[in-house]
Amino acid sequence: PVIDCLRVMVARLGDERSPLSPDENHLHHRLARHWRWPICLVIYLTLVAGPGLVGALWPQLTLRMIVLASATYLALLWATRLPRTARGREPARLV
């Protein structure tokens with residue numbers, strides 16, 4: 001979440017907007033545009049809590065989990081780079 005927040009703030013500054021202005025560019029919003037909410041929740045919680053849980057249980061795997069989580073985060077950003085509607089499907093709605 002911290003890296004995602006920093007990424008969004010830098011992007012806003014690049015657009016000459018306030019870094020605290022609201023938008024829907026955070027990862028959880030991007031996931032919600034592409035998949036239904038239960039799937040988004042599982043993906044997001046796995047990405048956020050998974051590495052910490054594995055690191056707490058098996059400290060020797062902490063660095064590997066950080067690398068895996070970073071790679072997964074970048075892959076999800078790439079996968080959600082286009083609006084779902086551009087691919088001919090309706091965006092997911094949060095209920």
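Buried, on this tour, means under 20% relative accessible area, exposed means over 50%, and partly exposed is whatever falls in between (1.4 Å probe, protein chains only). You are looking at a predicted model, where local features need pLDDT of at least 70 and side-chain atom pairs count only at pLDDT 80 or more, while totals for chains, interfaces and linings use all residues. Residues are numbered from 1 along each chain as its sequence is written, and side-chain values use heavy atoms, with hydrogens and water left out.

**The whole chain**

Start with a cartoon view. The protein chain has four helices and zero strands, where helices (H or I, at least four residues) and strands (E, at least two) are DSSP runs numbered from the N terminus. Reading from the N terminus, the order is α-α-α-α. Of the 95 residues, 23% count as buried. Taking contacts (heavy atoms within 4.5 Å) with a separation of 6 or more, 44% are between residues 24 or more positions apart.

**Stop 1: Asp-4**

Select Asp-4, in helix H1 (residues 2–14). Is Asp-4 buried or exposed? Asp-4 counts as buried, because its relative accessibility is 5%. Show its side chain together with that of His-26, and you'll find a polar contact of 3.2 Å between the two. (A polar contact is a pair of N or O atoms within 3.5 Å; within protein, one must be able to donate a hydrogen and the other to accept it, and residues adjacent in sequence count only if both atoms are side-chain atoms.) Setting aside neighbours within four places in sequence, Asp-4 is in contact with His-26, Leu-27 and Tyr-73.

**Stop 2**

Which backbone oxygens does its side chain reach? One belongs to Pro-19, at 2.7 Å, and another to Ser-21, at 3.0 Å from a polar side-chain atom of Arg-12. Display the surroundings and, not counting residues up to four places away in sequence, you'll see Arg-12 touching Arg-17, Ser-18, Pro-19, Leu-20, Ser-21, Pro-22, Asp-23 and His-26.

Then click on Glu-16, in the loop between H1 and H2. Glu-16 has a positive phi of about 60° although it is not a glycine. Glu-16 counts as exposed because its relative accessibility is 75%.

**Stop 3: H2 against H3**

Colour helix H2 (residues 27–34) and helix H3 (residues 37–57): they pack at an angle of about 145° with axes 8 Å apart. Here axes are lines fitted to C-alpha atoms, for helices over the stretch in contact, and angles run from 0 to 180 degrees between N-to-C directions. H2 passes H3 in a right-handed crossing, meaning that the near helix is turned clockwise from the far one by less than a right angle.

Now show the side chains where they meet. From H2 come Leu-27, His-28, Leu-31 and Ala-32, and from H3 come Trp-37, Cys-40, Ile-43, Tyr-44 and Leu-47. By type, the residues of this contact divide into eight nonpolar, one polar and no charged (Ala, Val, Leu, Ile, Met, Phe, Trp, Tyr, Cys and Pro count as nonpolar, Asp, Glu, Lys and Arg as charged, and the others, Gly among them, as polar).

Keep H2 selected. Its buried residues are Leu-27, Arg-30, Leu-31, Ala-32 and His-34, and their cover includes H1, H3 and H4. Arg-33, also in H2, is partly exposed because its relative accessible area is 24%. Arg-33 and Leu-82 are 49 residues apart in sequence, yet 9.6 Å apart C-alpha to C-alpha.

**Stop 4**

Move to Met-65 in helix H4. Met-65 is buried because its relative accessibility is 16%. Leaving out neighbours within four places, Met-65 is in contact with Gly-50, Pro-51 and Val-54.

Finish at Thr-80, in the segment after helix H4 (62–79). Thr-80 is buried, because its relative accessible area is 1%. Its side chain joins that of Arg-30 through a polar contact of 3.1 Å. Beyond neighbours within four places in sequence, Thr-80 is in contact with Arg-30, Leu-31, His-34 and Trp-35.
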